[in-house]
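Work through the two exercises below with the sequence and the model open. Each task is followed by a solution in steps.

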Amino acid sequence: MPALSPEQIHQKLTQQFGEAIGPLCAPQKDPFCTFAPSRLLEICRTLKTDPELAFDFLQDLTATDHPKENQIRIVYHFYSYTHRHMLVAKCELDRASPEVDSVEVVWKAANWLEREVFDLFGVSFTGHGDLRRILLPDDWVGHPLRKDYQEAGGYQGISNVRDNTLNLYLDADRLMAEEKSKQAPPVPEKAPEAKAES
Amino acid sequence: MALEQIVITRKFGPGAEEEMILNMGPQHPSTHGVINFIVHADGEVMKKAVPEVGYLHRSIEKIGELVTFSGFMPYTDRVDYVAAMFANEGYAVAVEKLLGVAPPARAQYLRAISCELNRIASHLVAVGTMAMDIGAVTPFPYALREREYVNDLIEALCGARLTYNYHRIGGVAFDLPPDWAPNCHRFLDHFDRILDEWDRLISLNEIFVRRLAGLAVIPGPMAIDYGLVGPNLRASGVDYDLRKVHPYGAYPDFEFKVPVGKGFAGKNRGGQVGDCYDRFYCRVLEMRESVSIVRQALHKIPEGEWMAKVPRKVKPPGGEAQSRVESARGEMAYYVVSDGGEKAARVRVRTGSFMAMGIIEDLSPGLMIADLVALIASLDVVAPEIDR
Amino acid sequence: MREFLDEIIRDRLGQDPASWALTQGVYLVAMMAAGIALTTFGALFAGLTSWWERRIAARMQSRVGPNRVGPQGILQFLADALKLLVKEDLISSASDRWLFRAAPYFVVAGFALTFVVLPFGYHLSATRMNVGLFYVLSVTALVVVGILISGWASNSKWALFGGIRAAAQVVSYEIPAGLVILVPVLMAGSLNLHDIIRAQGGWPWDWYLFQTPMGYAGFFILFVALLAEGNRTPFDLPEAESELVSGYNTEYSGMRFAYFFLTEFGNLWVMSAVMTTCFLGGWQVPGVSAENLARWEALHQVPGWFYLVSAAVFCAKTLLLANVVIWIRWTFPRVRVDQMMSLCWKYLVPAAMALVVLAAVTELMSFELFGEAARVQAPLFSLRGLIHFAFFAAGGLVPAVLFFRKTFRNISFVGDRVRPLSNW
Amino acid sequence: MPVSEYVGHIKDTVKSAWEGMSVTLSYMFRRPITVQYAGPELAEQSGDLIQHRLPSRYRGFLEVDTEICTACQACERACPIACIAIQIEKDPASPKQRVMTRFDIDEAKCMYCGLCVEPCPTGAIQHTREFEGAQRFLPNMVLRFVDPAKPVPPYKPPKGATAYPRVMLGEITRALVKKWDSPPPELPLAGVGKAPAKRKPEGDPRAAAMELAKKAIGADAKKLTGVLEEAQAGTDCGACTYPTCREYAEAMASGQEKRLHMCEPGGADSARATHIIMDSHKAGQVVVSPEAEKATYEGPS
């Protein structure tokens, strides 16, 4: 079976799931469509099992944060080794309490990828077997890849703020200049006098 | 039940008090960087090994949102410092895709040459450390010695030995220096013979082969399911190489084979498709292919510019793009989202090592502690690439 | 040594050792001197070997190695020892303090005690114990006890793994080693190390290695078994660096670590010396036949140079073997625990058993056929001598020549030149 | 286990030992690959500096030849980690002249990526082959290419020049790198974590722009070019995609170039001044449009 273009895949999915599949975005860089979070698992199962689609490889699973739209979008990149075609899909979640079904049951690769998204974006995946923080310590506060994340300035009393040596030099220069101006009072200008004499 | 036992049972599950819980890492010599494994061992045999990563997390993806598009390039070096060229290239390709710029042909060739040399260097580290983890110390300096030659070549090309920052959005930073091509040819001829010697020294060593044959077998479907890429995937018998299947850059112009695992250790030694030895030997074979690619590229390289016309201030229009390059550790994908500003809205690096680590927990039951070391080495994980 | 001292008392001092009042005193002084000399020798050898091994390893890895302290870096081991001496002696709080402190002494004792019987040359050994080989095998077992104790007492999981591995490994490999060592014992009819040596000859074809196929195979089995007993690569599982960090001595530092270190390198001498004694003709000097020696002894006219030359011959053979062990260490990967066990029980033990039986049967038959003459080394130009020589040529000379040819081809294959002494 | 397999295993083992040991032994007869590091002492004896063995593209310590530095600050902007600090002030002696009072590079922070070298119009900032600069005190790693007591005027590249006279690469840096145990500079602790002081505004830029605009009224193309050129930063940095400021001004004066906000070093001041000049030139009187007030630097995209 030949590789399908994103349009064909999108068409096929819309036929099957109707409203749950959003429109394919304008064919600019990488075209993508949205999946309704409520039917995500169902769609993903179809993606993997349908012989025409056969997306056996979850190439990437990540998220993007959009504070203006109050959304966190989970981005799925699917790839099929059998047909060598690709699909990008997104799930739009509420930013306040992002929650979506885990696709770990479909692709094992989702295990760690979802843990990472949970860690860095705070998205919780229902049905995930082992949803713990992965890159950050368990007691870390906040989700760093969110746009409004504020750095705490350290972790467990260990500061991560360092002196900027260049600023120290700048201050030293300024102090030196001030010192100089204090020590040496401005010399009365003699030049005009000299002119007058001549 | 003693209080201590109750605590252990609560923390690690029932039956845990019968096991020895071993903290392997993060300072263990053969975890290839700072990775921690919580090993549940029953004598020498493991019940499972749970990888704990993140010790080298430098929030590179966040930095990608804080610096300009072109300023992020040196940071990509740090994603995978063993094979930084690929990280450079992946990011450059992604932003080029967003900008709609195509690098000139010479730049494509220079990218291919630098990447393939880097692949040799990276695989040398992989196979060398693997030999060392199995206990053979001498092959490691041999591998690093050859890598030094590659480093010298790359240093002459771009001025750095490890953090290259050679690729630019729209091309590469430098053209080939004078006298570089003959030097490179000399190295390639020498390296071909060194690979033969390497095979005799370690690849065909009986102890080495038997240590790895039939060990931690990953069948093809499992490898795909867990998202393994690159040599790890090919060793499992999946004939898939981005350079062949979706050729990018200058790769359509080159002839090369894609080594696929087929139980290189031999049936009589218990070799199976997708065992540790296949992963090792696929890398050795890939080095040979890389040598041939560099040779072809040096012969075919066209004259011309090595940098496309790209504005100094890179401000791609809004949109998103994903680039996929075949790194030494498999498919590396940069997913870059631009909102039209001079900084990216999101940079995502999808790396091979991260996915490879994910498989260890499910592969480990029944392996021995010495096998875990071999498994980690055979997956060729590099800590910065896991944690980013 | 007692005979030697008696001789001195009788010949030089003109006293009868049986009745002289100071005899026991002389014995005591001589024993102390010998003890000090032997332990010093052991420590010195271990130190020098550690430097030599590092140089050899470096050259094999196309590096240079330690070459700064003293000429060619030969004093590196002193610098290292000094460093270890002044290092803080750390004892982790959860460890069993007494056992932790005691373990290194077991190890060192097990190693030093073997020197009591090891021959260094003609008449040059502390005692001529008639159960010499048996003694060596039993005393080396003390090292395992020390390692096991250190692994347990450290209260570290890595150390425990190392200790247990060491115990399992050494206990297993005692069996093939003990069995195969019976081959030379059967051939010589004695457990005394000097007697075993004297039953062999000076020329290579007079060695037990090339006398019978059993000797030939036995040599390699004993070699492998002793490698395993000495925790040398490919059997360095107890301290497998890439698996167990440093194995049983993970928690040790300072001088206590130095003891383990010293034992590890000193054992190189012990195992090589045992091999030399059993299969390589010991201190036998080529050209000095058994009759020659017997005649000198009968006349009490063993020339002084013979002591020196025999010692030199013995040391040369032992050092050669020690170098082979080093060379193997820097070539091979490490085996896994189960492979180590299966190698022992599936390959070495049955083979050793078969060899012992075969050797016994052969000895019995040749004894039946030739009588006492079977124990006497045949001259080269006799049927037996020629057969031995042919065996030596086929099993020793030809492989060696082929091997060196291959080695030099390796060099020209990569386009390098032979420059053995450059950049030392 | 069949006997043939048993013997086969032994044979394989012996064969691999044979091969492997011949390889390792063969290295005993070759020259080792490692070489003696020619440190400073050795190099002084033999005259063979290790730096000379490095390739010419080697990215070592940065070096700035302030003699040919146009003070365009392109390097400072290109640096992703802000390890370059340049400060430009008005010369108290002659008010029209701007001077560099500071050009510091924190070599300890620098990641040697080479991005600052690329935009430099004259090649004043370069990577040298110097790399031995470990310091006991970290602040000593800051190299000060301009002595704050002796400000340096920016370099005005001659028209049409393609090559610029440069001190032998590495000499300046080598002179600036201190000995490893030299005492730390006296730095005030008060400055910890403080942001650098804002640059002082140089007079009133709008008034200056209006002065220029007066000159532009009724001027011919050549004179307009001159006026426009004066409104730009005059560093010939090339950020506007034109090789020199003159060419950019020519393009704007002839009407070919509609984008008036491409002077990167000049920033908002230049953009505003250019707008005012062009508007005034068209209108015949000094005009300050709201558009001009809002103008800031925008890249040539």
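The exercises treat a helix pair and then a chain interface.

This is a predicted model, in which local features need pLDDT of at least 70 and side-chain atom pairs count only at pLDDT 80 or more, while totals for chains, interfaces and linings use all residues. Residues are numbered from 1 along each chain as its sequence is written, chains are lettered from A in the order in which they are written, and side-chain values use heavy atoms, without hydrogens and water.

**Exercise 1.** Describe how helix 4 (residues 84-99) and helix 5 (residues 105-134) of chain B cross.

Step 1. Helices are DSSP runs of H or I with at least four residues, numbered from the N terminus. Axes are lines fitted to C-alpha atoms over the stretch in contact, with angles from 0 to 180 degrees between N-to-C directions. The two axes come within 8 Å and cross at roughly 145 degrees.

Step 2. Contact means heavy atoms within 4.5 Å. Helix 4 of chain B contributes residues including Phe86(B) and Val93(B), and helix 5 of chain B residues including Cys115(B) and Asn118(B).

**Exercise 2.** Characterize the interface of chain B with chain A.

Step 1. Chain B supplies 44 residues and chain A 40.

Step 2. Buried area is the accessible area (1.4 Å probe) that two parts lose on being put together, summed over both. Here it is about 3500 Å², 53% of it on carbon and sulfur atoms. Asp225(B), Glu320(B) and Phe354(B) lose the most area in chain B, together 17% of what that side buries.

Step 3. A salt bridge needs a side-chain nitrogen of Lys or Arg within 4 Å of a carboxyl oxygen of Asp or Glu. The two chains share 7 salt bridges. Glu116(A) and Arg388(B) form a salt bridge at 2.2 Å, N to O.

Key: Helix = DSSP H or I, 4+ residues; strand = E, 2+ residues; numbered from the N terminus.
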